[in-house]
Amino acid sequence: MTIRVLLADDQTLVREAFAMLVESAPDMEVVGQAATGRQAVELARTERADLVVMDVRMPDLDGIEATRLIAADDDLAGVKVLVLTTYDTDENIVDALRAGASGFLVKDTRPAELLDAIRTVAAGEALLSPGPTARLIERFLRSPSAPPTAGPECLSDREREVLALVARGLNNTEIAESLGLSPLTAKTHVSRTMGKLGARDRAQLVIVAYESGLVAPGRP
């Protein structure tokens with residue numbers, strides 16, 4: 001199956017470089033390029049992209065607001081957003097995840113990693129590792145400015161365990177191994193947890209886990 005990719009970045013050279021890279025992959029095609037967030041939303045609607053590679057800082061409408069509009073549009077329910085950030089200087093990334101993005105990359109990532117990230121997010125997984133990404137999320141979600149969200153009180157004990165492991169960046173197979181479950185059972189627990197919490201994807205499960213205090217910095 002070919003992944004239909006929309007590229008959104010206000011720098012033409014960056015877009016063209018990403019386009020050449022994406023087109024080089026046999027399982028992907030570029031269906032549009034946007035120079036502003038508003039153009040990204042419009043093209044997501046008209047070109048029926050599977051995934052938007054979204055820069056954060058763009059004119060007219062930034063990537064966070066564009067992501068929020070895409071995530072809130074029922075007609076675009078199947079469209080995933082992979083946000084780009086400069087990491088150390090761009091502190092809006094958590095807002096982008098709250099807005100509905102399924103993950104993020106730094107702009108200096110290696111070409112092969114970008115292609116793997118597109119495949120990962122298009123397949124419905126969150127691009128959230130237990131390394132730098134998790135530390136960034138911890139840093140902002142545990143800050144005083146983080147808005148409160150509903151906690152995981154509605155979950156069973158097992159589902160809370162699964163939620164904590166998702167927040168650590170484990171995939172379904174790793175969760176199954178950690179809890180002594182079959183991969184199918186682990187996948188079922190993740191799906192039920194998402195349903196109970198009204199989460200769009202695994203990225204939003206991570207947000208809930210940190211904001212509720214189920215997972216906190218320094219806690220194993």
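Biologist: In this predicted model, at roughly what angle do the axes of helix α9 and helix α10 cross?

Modeller: Helix α9 spans residues 183–197 and helix α10 spans residues 202–211, and their axes come within 10 Å of each other. The two helices are roughly perpendicular, with a crossing that is left-handed, and the angle at which the axes cross is roughly 65°.

Biologist: Which residues of α10 are met by α9, and how do the residues of this contact divide into nonpolar, polar and charged?

Modeller: From α9, the residues Val190, Thr193, Met194 and Leu197 take part, and they meet Arg202, Leu205 and Val208 in α10.

Biologist: Where on helix α8 do its buried residues lie, and which helices do they pack against?

Modeller: Helix α8 covers residues 172–179, and its buried residues are Asn172, Ile175, Ala176 and Leu179. Seen down the axis of α8, these buried residues fall within an arc of 100°, so they line one face of the helix. In general, an α-helix has 3.6 residues a turn, so residues three or four places apart point the same way. The buried residues of α8 pack against α7 (157–167), α9 and α10.

Biologist: Is aspartate 55 buried or exposed, and which residues does it touch beyond four places away in sequence?

Modeller: Aspartate 55 is placed in strand β3, which runs over residues 51–55. Its relative accessibility is 5%, and because buried means under 20%, aspartate 55 counts as buried. Leaving aside residues up to four places away in sequence, aspartate 55 touches Ala8, Asp9, Asp10, Gly63, Leu84 and Lys107.

Methods
Residues numbered from 1 in each chain as written. Predicted model: local features only at pLDDT ≥ 70, side-chain atom pairs only at ≥ 80, totals over all residues. Heavy atoms only, no water. Axes fitted to C-alpha atoms, helices over the stretch in contact; angles between N-to-C directions. Helix = DSSP H or I, 4+ residues; strand = E, 2+ residues; numbered from the N terminus. Parallel < 35°, antiparallel > 145°, perpendicular 65-115°, else oblique. Left-handed = near helix turned anticlockwise from the far one by under 90°. Contact = heavy atoms within 4.5 Å. Buried < 20%, exposed > 50% of the residue type's maximum accessible area, 1.4 Å probe, protein only. Arc of directions from axis to C-beta.
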